[in-house]
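Dear colleague,

Please find the structure below, handed over for your use. My notes on it follow directly after.

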Amino acid sequence: MNANTERYLNEYYADDAKKLCRVVDRILSHFGGVSDASEFYSLADEVFVDVLRRYDNESSFDGFLYSCLDRKIKSEFTRRNRDKRTQYVRDENGNKVLDERGKYIIVHVLYLDAPIDEDGTTYGEMIAAKETDDEASLYEDEVLRYMERLSRKQRQIAEYLQQGFSPSEIREEMGISEDRYRMLFADMCSMSKTRNLKKLYKGGAARI
């Protein structure tokens with residue numbers, strides 16, 4: 001253990017890791033806080049070990065640690081929100097069903113607040129614009145068909161947008177470039193994918 005590593009450990013883990021916990025609490029406050037932060041403190045321990053391994057001494061250690069903790073905690077909130085929204089196929093006993101690859105089968109979830117075009121019109125707004133229950137039902141079916149035409153990454157983008165993430169935050173979360181994001185989003189709004197949706201929205205379900 002070199003002198004700097006020992007110094008950082010002593011600084012952040014003195015008094016039951018008081019300084020590290022204080023940094024975590026500050027980040028959590030940006031998300032409205034949590035009732036029990038113990039899991040996030042454990043997460044911070046993992047991040048701290050990784051930061052010690054990767055720190056190159058060229059920038060501020062405090063700043064580097066904070067940015068890594070901020071990203072990790074934000075990712076954890078995203079994962080928790082996604083899990084809350086995710087519905088799984090279950091058997092008659094309520095157990096999750098696995099596919100042939102050993103992964104849980106996810107029921108497609110419709111994100112009504114995600115935008116359907118570059119003007120920001122959402123799925124929910126389109127459905128709400130229908131005058132009768134029959135029209136709304138037909139439109140919901142078409143939205144589901146639209147979502148099924150999206151790739152896995154495009155559905156991820158729709159989910160992040162629904163959660164209020166900005167394009168730059170989405171790119172960071174997904175690890176994709178700005179050009180890749182633009183291409184995926186443009187395809188989401190392409191006429192080949194949205195033609196029937198826009199017909200329903202502008203012309204009324206009775207014309208389809």
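In which helix does E76 lie? E76 is part of helix α3, residues 61-85; helices here are DSSP runs of H or I with at least four residues, strands are runs of E with at least two, and both are numbered from the N terminus.

Before going further, please note that this is a predicted model, in which local features need pLDDT of at least 70 and side-chain atom pairs count only at pLDDT 80 or more, while totals for chains, interfaces and linings use all residues. Residues are numbered from 1 along each chain as its sequence is written, and side-chain values use heavy atoms, with hydrogens and water left out.

E76 counts as buried because its relative accessibility is 14% (buried means under 20% relative accessible area, exposed over 50%, and partly exposed in between, with a 1.4 Å probe and protein chains only). Leaving aside residues up to four places away in sequence, E76 touches F40 and L43, where contact means heavy atoms within 4.5 Å.

Regarding the chain as a whole, there are nine helices and two strands. Their order from the N terminus is α-α-α-β-β-α-α-α-α-α-α. The chain has 208 residues, of which 36% count as buried. Among contacts with a separation of 6 or more, 54% are between residues 24 or more positions apart.

Helix α1 (residues 3-29) and helix α2 (residues 38-54) have axes that come within 10 Å and cross at roughly 135°. Axes are lines fitted to C-alpha atoms, for helices over the stretch in contact, and angles run from 0 to 180 degrees between N-to-C directions. On the α1 side, the contributing residues include Y8, Y12 and L20, and on the α2 side they include F40, A44 and F48.

In helix α8 (residues 178-188), the buried residues are Y181, L184, F185 and M188. Seen down the axis of α8, they fall within an arc of 95°, so they line one face of the helix; the arc is that of the directions from the helix axis to the C-beta atoms. D179 and R182 are exposed on the face of α8 turned away from its buried side.

Finally, R90 is located in the loop between β1 (87-88) and β2 (106-107). R90 counts as partly exposed, because its relative accessibility is 46%.

Yours sincerely
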